[in-house]
Amino acid sequence: MSPIERLSWEVLGLILSRLPRNDDDPSLRFGFDAPPPSPSLLPLYAIVCKSWTQHIERRTFKSIRLKSTELDEFSRLVKGHRAAALSSLKYEVVLPTYSEHACAKFETKKDQERNDAVFVDAIHHLFGVFKSWETDSKVGGERGIGQPGTESKTSTNSGSFEFVLSDIYSLMDGPHRGKDKYREDRMQWELGKRHDLWNHRYEHSFLQLRRAETLPSISRISSFTTNSSSSRIVAPSSLAILASKFTNLQNLQWTCVDDEKKYPEVREQLRYNFAQSLQGLSLHSLVSVDLEYNHEAPSNHNFTPITALHSGSPTTDHLSKALHSLSQGPNLTTFKLDGPIVISPALFWPSSPEGKTPTWPKLQQFHLKFSPCTPSGGWYFTRHPSKTADDDQWDSEGEAMRARDSESDTDSDSDASDDSAIWDSYHPIKEGRAQGTIPSRRFRDYPIDEEILPLLKAMAKAVARMPALQMLSVMGAPDGNPDAVFEVVFIEAGVSDLMDENPEDSLRPRLYWQTGDWRPAEDVLDLWKEAARGLLVKFFEF
């Protein structure tokens, strides 16, 4: 036996942990123009001797970036102690490619169905690999290779890992065409020599997960994350269905889109389906929820927002009710909603509570950034009483240019078939006017009592049922107006905050308001004082 083979498992592991690998260096960052990193040399050490193998592979298989086109090789190579070493899997789904001509065509229903089929297969195949690890673990009960008597257990099912749905794209989507082709295509397009819709080709397409009932349950995944920079959009309900299959899920961090304005009925259905799918989540293991559900409010504040409520139940905000239920997970400590997200008071307290009184037994942090638009198609804010239309913020320079171009602006839709030689065209001016982004006219920076007070009352009722709460913050600043601030922050006694003006402030529960010169009604403040005895209330104006 060689000297190195006489070393204990722990000592050998400590020595080998000093071996460098390229991605251990935090200074290595690779942008679009940067050359790719050189391959890591770390895997080469795994062939030095048998006792080194698992130590090295515990590092090389700890974090994996996987493309759906590599699944067969992945399932062949990653199993046993290699699968057990996994702590983070970043998954990229590669959709079917399309022709140069199709770059100038909006996706058809046939395109969407083809993409859905590939997406579904990529998810089902991956879940099959996950399930095989659990099955192998139960049958084989593998153990790591170590010195006699060591407890270096590395069974396939011994550790949880993070699952990141990091990107979904076709190789013809924008930068995925490759650096040189992308630059050349952009230049030709800017010169008017190329027809290309870019991301507008698929901006109204939402990937749907089919055959979900046949997906197996997975116990090892503890965290489920989606990437905000993904090229394609997944229907939020599909993410919730995936999460419902993870039986020990602790952390959710999703970035979703709630910005379908051209087809209102599609948006209504997406939100409704999302609400229904959230009800299938197992709440017992959830500790943290971080949901960004972005809705861009109209920058023309004279515009009437479209409703987000389903036509089948136009008075019920199903999504806010579903998020309300989600926030009450028995072990949930952190709940964050961003976007800004379109919500109603039902997020905190349903207008007609069903069953037992809501309670948040372990929730410590609740943070919300809400949209200035209401789910029913209204606004939470209006023009300040001291201002007139002459004080509105106009994009006057842009309007002059748009006025010159308006005569040639036509519809972005096309009646041409998928294989037609006629290109589709996208006209941002017409689209912007129809969706309230053109012209830009901002003035909504003052709360509408009829809309905002029910929200504040619901918040107070909820806080009274949050025994472990440390901080609740709610921000509703209208988009694009740096002078408009609406923020309400509740801080429990014993928790310090930068807004505390005196050391003794932290000894009491506090309610801090940054709402300009607007003030809530007295009955709202009374509710808050009932929710937290000895409450210190302060208003800040900037």
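This is a predicted model: local features need pLDDT of at least 70, side-chain atom pairs count only at pLDDT 80 or more; totals for chains, interfaces and linings use all residues.
## Overall architecture

The chain has 542 residues, and 47% of them count as buried. Its secondary structure consists of 13 helices and 16 strands.

## Helices H12 and H13

Helix H12 spans residues 449–463 and helix H13 spans residues 522–531; their axes lie 8 Å apart, and the two pack at an angle of about 10°. Because angles under 35 degrees count as roughly parallel, H12 is described as roughly parallel to H13.

On the H12 side, the contact is formed by Leu453, Leu456, Lys457, Met459, Ala460 and Val463. H13 contributes Asp523, Val524, Leu527, Trp528 and Ala531. Sorted by class, the residues of this contact are nine nonpolar and two charged, with no polar ones.

## Helices H8 and H9

A second pair is made by helix H8, residues 264–278, and helix H9, residues 318–326. Their axes come within 8 Å and cross at roughly 25°, which means that H8 is roughly parallel to H9. The crossing of H8 and H9 is left-handed.

The residues of H8 that take part are Arg271, Tyr272, Phe274, Ala275, Gln276 and Leu278. They meet His318, Leu319, Ala322, Leu323 and Leu326 of H9. By class, this contact of H8 with H9 has eight nonpolar residues, two polar residues and one charged residue.

Arg271 lies in helix H8. With a relative accessibility of 2%, Arg271 counts as buried, since the limit for that class is under 20%.

Leaving aside residues up to four places away in sequence, Arg271 touches Asp258, Tyr293, Ala308, Asp317, Leu319 and Val342. One of these, Leu319, also belongs to the H9 side of the contact between H8 and H9.

Most peptide bonds are trans, and most residues other than glycine have a negative phi. The model contains departures from both patterns, described here and in the next section.

A cis peptide bond links Gly339 to Pro340, with omega about 5°. Pro340 is part of strand E7, which covers residues 334–341. The bond from Ile438 to Pro439 is likewise cis, and its omega is near -5°. Pro439 sits in the loop between helix H11 (428–435) and strand E11 (441–442).

Trp198 is not a glycine, yet its phi is positive, at about 55°. Trp198 lies in the loop that runs between helix H6 (179–190) and strand E4 (221–226). Arg211 is also a residue other than glycine with a positive phi, near 55°, and its place is in the loop between H6 and E4.

Are these two residues buried or exposed? Trp198 counts as buried because its relative accessibility is 9%, under the 20% limit. Arg211 has a relative accessible area of 42% and is therefore partly exposed, a class that lies between the limits of 20% and 50%.

How values were computed:
Residues are numbered from 1 along each chain as its sequence is written. Side-chain values use heavy atoms; hydrogens and water are left out. Helices (H or I, at least four residues) and strands (E, at least two) are DSSP runs, numbered from the N terminus. Buried means under 20% relative accessible area, exposed over 50%, partly exposed in between (1.4 Å probe, protein chains only). Axes are lines fitted to C-alpha atoms, for helices over the stretch in contact, and angles run from 0 to 180 degrees between N-to-C directions. Angles under 35 degrees count as roughly parallel, over 145 as roughly antiparallel, 65 to 115 as roughly perpendicular and the rest as oblique. Contact means heavy atoms within 4.5 Å. Ala, Val, Leu, Ile, Met, Phe, Trp, Tyr, Cys and Pro count as nonpolar, Asp, Glu, Lys and Arg as charged, and the others, Gly among them, as polar. A crossing is left-handed if the near helix is turned anticlockwise from the far one by less than a right angle, and right-handed if clockwise.
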